[in-house]
Amino acid sequence: MSAGKSFWEMDELRLVIGAMVILGGATGVLVVLPYLLLDNVKPPAGLKPYTNEQLVGRQTYIANGCVYCHSQQPRDIKQAPDFARGWGRASVAGDYAYDTPHLLGTMRTGPDLLNIGARQPSKDWQLGHLYQPRAYTPGSIMPPYPHLFEIRTGQAQAGDTVVKLPPAFAKPGEVVVAKPEALALVAYLLALDRTYPALPPLPKTANSAEAAKEKP
Amino acid sequence: MDFTVGVLLGTFVLSVLALFFFIWSMSQGLFGNGRSAATVIFARNEFGIVEDPAATDREKSDLQQAMDPSEEYYDYFDDAMLAATRERMAVRRRLRDDADHRTLADQSSAGVVGVCLTLAVVWLVLASFAGLISSIKLHVPDWWVQYDWLTFGRIRPIHLNMVAYGWCSLAGIGVALWLIPRLLKKRLIGAKYALAGGALWSTGVFAGTVAIGMGYSDGLEWLEFPWQIDILLVIGGALVGFPLWLTLLRRKVEHLYVSVWYIGAGLLWFPVLFVIGNWPGLHFGVQQATMNWWFGHNALGLWFTPLGLAAAYYFIPKVLGKPIHSYNLSLLGFWALAFFYSQVGGHHLIGGPVPSWFITIAIVQSMMMVIPVFAVAVNQHMTVLGNFRALFYSPTLRFVVLGAMMYTAASVQGSLEALRSVNTVTHFTHYTVAHAHLGLYGFFSMVMFGSIYFIMPRVMNWEWPFPLLISLHFWLVLVGFSIYFVWLSIGGWLQGLAMLDEKTPFMQSVALTLPYLQARSIGGGLMTLGHLVFAAHFFAMGWKFGPTRLGAALLEPSMLLRLTGKKVAA
């Protein structure tokens, strides 16, 4: 530090103050303000909290990085045909009231999954698809997840959930049994259902009738 | 609609006002000092003298011939000559001082820089294989499925984290540790703490990638490492950051060079980002998504970009032996980058369940990013202007200048991608992946390659043993990356268009990308091959293969005489 300079003339000080003020501003806008605004968002009436098994399944979803190919945020019909594809209405903040960590995603190498539970509610389909996606969707590039399943030669035991594969993909003398992780993951996928209305029904007053008129 | 338009206009007006404030404050000298600061990177006899430790004797000589001798910076040289005739003794003393300072600075940082860069190169190779495996898995989905840690959803984040925290961060830290003592003419204080910090950081990256492979992930992109492991990175980062800031506070130079502004700020910003981003139990739902992209984008804008630009701002003028075109412009670029870049993260959530003002701010500031980008582009272009032939002869310059050009390209592309109309197509597609690689590979990694080629001969007191391998590395990664970027961008764009067309089945958007994904694997394979060449050469140097041609070339008057034919006082 050079002598004879006043406090304010020091480059270091300008650097520290300038850099931190700017970062503080950005953090305020992008992190703190959303925190304050979204902190009191209530879960919509139609949204149920996850069960323990579904939460375990959510962890399996995270552990296997499903989020790197699947988003969970349908866009508005004005922007993209997500609704027409059966992915659901545009999501709102309340839909994620129980979602920590968030899994909004940034890629659609595969389809959006926010409403996969409503779109494909068959547990058998989900299990088989996780075991071998190409048995159900020709041309799919989704990886199979053999580590979520056990191959048994001979008979399945009592209490086993046997995966019912299409005949072309089933090997004779082998049964594919879902491990608890696979069952939990499917429980989570089936819980992905945000088909309830995003907004509560409006109470019948003069003001709200006007507000409703303005809505497109 | 009124509110959104209001926010749009308000943000725009505020941004323009902020810009005018920066320009005004610079004209008042509030944010740094003018031209004299641009010359602190040179010793008195170095103006007009090229330098590239990665170049062979022949290349150095050609490089010097390629410089335009009529340029203004020769005045400094003549000034030094004049002074030499008048007060030869004083000049001689000053030159020896300069040489001593630089020798001391380089010696004080050599150990820790060597270790950080070595670890970075190891991470680069591992990360390249992780990336290549991820790429192949997208078009051969039934390949290597028996290992759960190799599933796409794990090997892809392993790739990203190895690149971001292993290769890029450690290379950036290594370069910063080498530049700071040089730029401040001061021994690196606490080098052994920095060494421990780099090792701890690398241990953290290793533990983090193993955790992801085992399925323990915090679940957020860029923030996958379990927070317990992040503590290692925080302590390691602090052990590197404090020595650098202590050195900064005891500097011997009057002026802070622009690279010091960038590095100093990056070292302040990143810890804040990292700690807030990884804090457990603090974030929730959609707010966590906004935080996620505040972090993800600022890791690029306020960590990698400052480190990369700091290196480019040092090596381009240093190799050419001529000061940066406009020092004030470089500072404008610095403050504008800090202001605008820090607010653009929201453009990753366009169309998502976030408030519209949040998106609007991100779009406006993304467009405003054009200003700092052009400040950097014009400045670096004007510095190289007239000396483009130098790119043929200087390996360092070839990588760094190309990287700087890709910085401009990536940034302009990023601004355009933030526009709602463009974003609607490119969001959720491979186009974004190509763009991310243009930034972190085309720009940052290229600049790091060039910097490492310059730095390592000084660290090791040994020359690069096989100059041909440098060219091989350059062409492999350039061709590989061109294939990667061009084809993946086209494929991603087509994928986006297909997804927007209601009548096209979704599977069509998957099927049409396959040839482009295959092309990406070919490009990525060539890049990986280039990295293997680079790593092999790096370790060949470490084990002191090859002939010694020069030894440690610091300030050698005999060298200067041979290059220029001018007698220099020393």
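Axes in this tour are lines fitted to C-alpha atoms, for helices over the stretch in contact, and angles run from 0 to 180 degrees between N-to-C directions. Helices (H or I, at least four residues) and strands (E, at least two) are DSSP runs, numbered from the N terminus. The model is a predicted one, in which local features need pLDDT of at least 70, side-chain atom pairs count only at pLDDT 80 or more, and totals for chains, interfaces and linings use all residues. Residues are numbered from 1 along each chain as its sequence is written, while chains are lettered from A and ligands numbered from 1 in the order in which they are written.

**Stop 1: chain A, α2 and α5**

Select residues 52-63 and 180-191 of chain A, which are helices α2 and α5; their axes are 7 Å apart and the packing angle is about 100 degrees. The two helices are therefore roughly perpendicular to each other (angles under 35 degrees count as roughly parallel, over 145 as roughly antiparallel, 65 to 115 as roughly perpendicular and the rest as oblique). On the α2(A) side, display A:E53, A:Q54, A:V56, A:G57, A:R58, A:T60 and A:Y61; on the α5(A) side, display A:E181, A:A184, A:L185, A:V186, A:A187, A:Y188 and A:A191. Two residues are in contact if their C-beta atoms, placed from the backbone, lie within 7 Å. Colouring by class gives 8 nonpolar, 3 polar and 3 charged residues in this contact. Here Ala, Val, Leu, Ile, Met, Phe, Trp, Tyr, Cys and Pro count as nonpolar, Asp, Glu, Lys and Arg as charged, and the others, Gly among them, as polar.

Next, select A:P101, in the loop between α2 and α3 (116-119) of chain A. The peptide bond that joins A:T100 to A:P101 is cis, and its omega is near -5 degrees.

**Stop 2: chain B as a whole**

Show chain B, which has 21 helices and 0 strands. Of its 570 residues, 58% are buried (20 or more other C-beta atoms within 10 Å of a residue's own; exposed means 12 or fewer, and partly exposed in between, with C-beta atoms placed from the backbone). Among the contacts in chain B between residues at least 6 apart in sequence, 86% join residues at least 24 apart.

**Stop 3**

The largest nonpolar core has 219 residues, and B:L177 and B:I180 have the most contacts inside it. Such a core is a set of buried Ala, Val, Leu, Ile, Met, Phe, Trp, Tyr and Cys residues joined through C-beta atoms within 7 Å. The largest share of this core, 22 residues, comes from α10(B). Centre the view on B:I180: apart from neighbours within four places in sequence, B:I180 is in contact with B:L188, B:L244, B:T247, B:L248, B:V260 and B:I263.

Now select α8 (residues 227-249) and α9 (residues 258-278) of chain B, whose axes lie 10 Å apart at an angle of about 155 degrees. These two helices are therefore roughly antiparallel to each other. Among the residues that meet are B:L244 and B:L248 in α8(B), and B:V260 and B:G264 in α9(B). The contact of α8(B) with α9(B) divides into 10 nonpolar, 4 polar and 1 charged.

**Stop 4: two loop residues with positive phi**

Most residues other than glycine have a negative phi, and most peptide bonds are trans. B:K185, not a glycine, has a positive phi of about 50 degrees and sits in the loop between α6 (152-184) and α7 (191-214) of chain B. B:K185 is partly exposed, with 18 other C-beta atoms within 10 Å. B:W222, in the loop between α7 and α8 of chain B, has a positive phi near 75 degrees. B:W222 is buried, with 20 other C-beta atoms within 10 Å.

**Stop 5: α10 with α17, and the chain contact**

Select α10 (residues 285-320) and α17 (residues 430-460) of chain B; their axes come within 10 Å and cross at roughly 40 degrees. That makes α10(B) oblique to α17(B). Their contact has 10 nonpolar, 4 polar and no charged residues.

Finally, show both chains: the contact between them takes 68 residues from chain B and 61 residues from chain A. On the side of chain B that touches chain A, α10(B) gives the most, with 9 residues. That side has 35 nonpolar, 23 polar and 10 charged residues.
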